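Thanks for making the time this morning.

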Amino acid sequence: MSLKKRGAMIVLSSPSGAGKTTLVKLISKNKNHFVSISHTTRTPRSNEINGVDYFFINKDQFQKLINDNEFLEYAKVFDNYYGTSKKNIISKLDEGKNIIFDIDWQGTEQIIERKLSYKLITIFILPPSKKVLRERLSNRDMKDKLIVEERMKQFSKDLLHWKNYNYVVINDDLNDCYKRIMDILDTELNNKKFLYDKILIESHIKKLI
Ligand code: 5GP
């Protein structure tokens, strides 16, 4: 009988623009860590590649995947649908690979509720300030100011879900934040609990609200 250790599910969520996608890419460079590529009905940004950043599909195709029960989780974020297909993920986890999920709080709740038998580590990432968040959102391929304002409004709502996560980290400096996340993962993957300063996080959240 094979005693191969099963992989862990590593969930990273954040309000849009907190730098999560960059962090996910850095973490995936570590041995045995793979990113889950989501399906979305959103149109690709100029720097995005189909099959690398997302699988870009239309609403009918997305609905078919829902009907066929292909999704581990899915959610409507802003005006688009996003979902994680079970295919590939489960087999990779069974092979002992760690999978990183860049998904929102709705998807995270669904994964928690599923109570799968894989180790689950959930991390919520915060921007250092609202000012920095606005700058990051404005620098994207989103010329439309309305979109930035919409995402800033959504930010305050998304923030409230930090309590459902195992860990919360502040992305003040990309390298520092990445190191903190890797410390958390190394500790957790060795079946220990990482101690973090919840009081500091709570006071940071108060500032952001
Ligand atoms: P963006 O459009 O900026 O790439 O992503 C918008 C939001 O959708 C981000 O918070 C991202 O984490 C989330 N997202 C991306 N893929 C998925 C997914 O498969 N499921 C869920 N629930 N959220 C996702």
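Which elements do the buried residues of α1 pack against? Before I answer, please keep in mind that what we are looking at is a predicted model. The buried residues of helix α1, which runs over residues 20–27, are Lys-20, Leu-23, Val-24 and Ile-27. Because they cover an arc of only 100° around the axis, they sit on the same side of α1. As a reminder, an α-helix has 3.6 residues a turn, so residues three or four places apart point the same way. The partners of these buried residues are the strands β1 (8–13), β2 (33–35), β7 (98–102) and β8 (119–126), together with the helix α7 (174–189).

The largest nonpolar core holds 25 residues, of which Met-9, Phe-101, Leu-126 and Ile-201 touch the most other members. Among the elements that give two or more residues to this core are β1, β7, β8 and α8 (198–208), while the largest share, four residues, comes from α6. Leaving aside neighbours within four places in sequence, Met-9 has contacts that include Leu-72, Leu-93, Phe-101 and Tyr-118.

Finally, the largest pocket, whose volume is about 1200 Å³, is lined by 45 residues, and the closest to its centre are Lys-20, Thr-21, Arg-45, Tyr-54 and Asp-102.

Note on methods: Residues are numbered from 1 along each chain as its sequence is written. This is a predicted model: local features need pLDDT of at least 70, side-chain atom pairs count only at pLDDT 80 or more; totals for chains, interfaces and linings use all residues. Side-chain values use heavy atoms; hydrogens and water are left out. Buried means under 20% relative accessible area, exposed over 50%, partly exposed in between (1.4 Å probe, protein chains only). The arc is that of the directions from the helix axis to the C-beta atoms. Contact means heavy atoms within 4.5 Å. A nonpolar core is a set of buried Ala, Val, Leu, Ile, Met, Phe, Trp, Tyr and Cys residues joined through side-chain atoms within 4.5 Å. On a 1 Å grid over the protein atoms alone, a cavity is a set of points where a 1.4 Å probe fits but cannot get out, and a pocket is an open set with protein on both sides within 12 Å along at least five of seven lines; lining residues have an atom within 4 Å of a point. Grid points are joined across faces, edges and corners, and a volume is the space filled by probe spheres set on the points.
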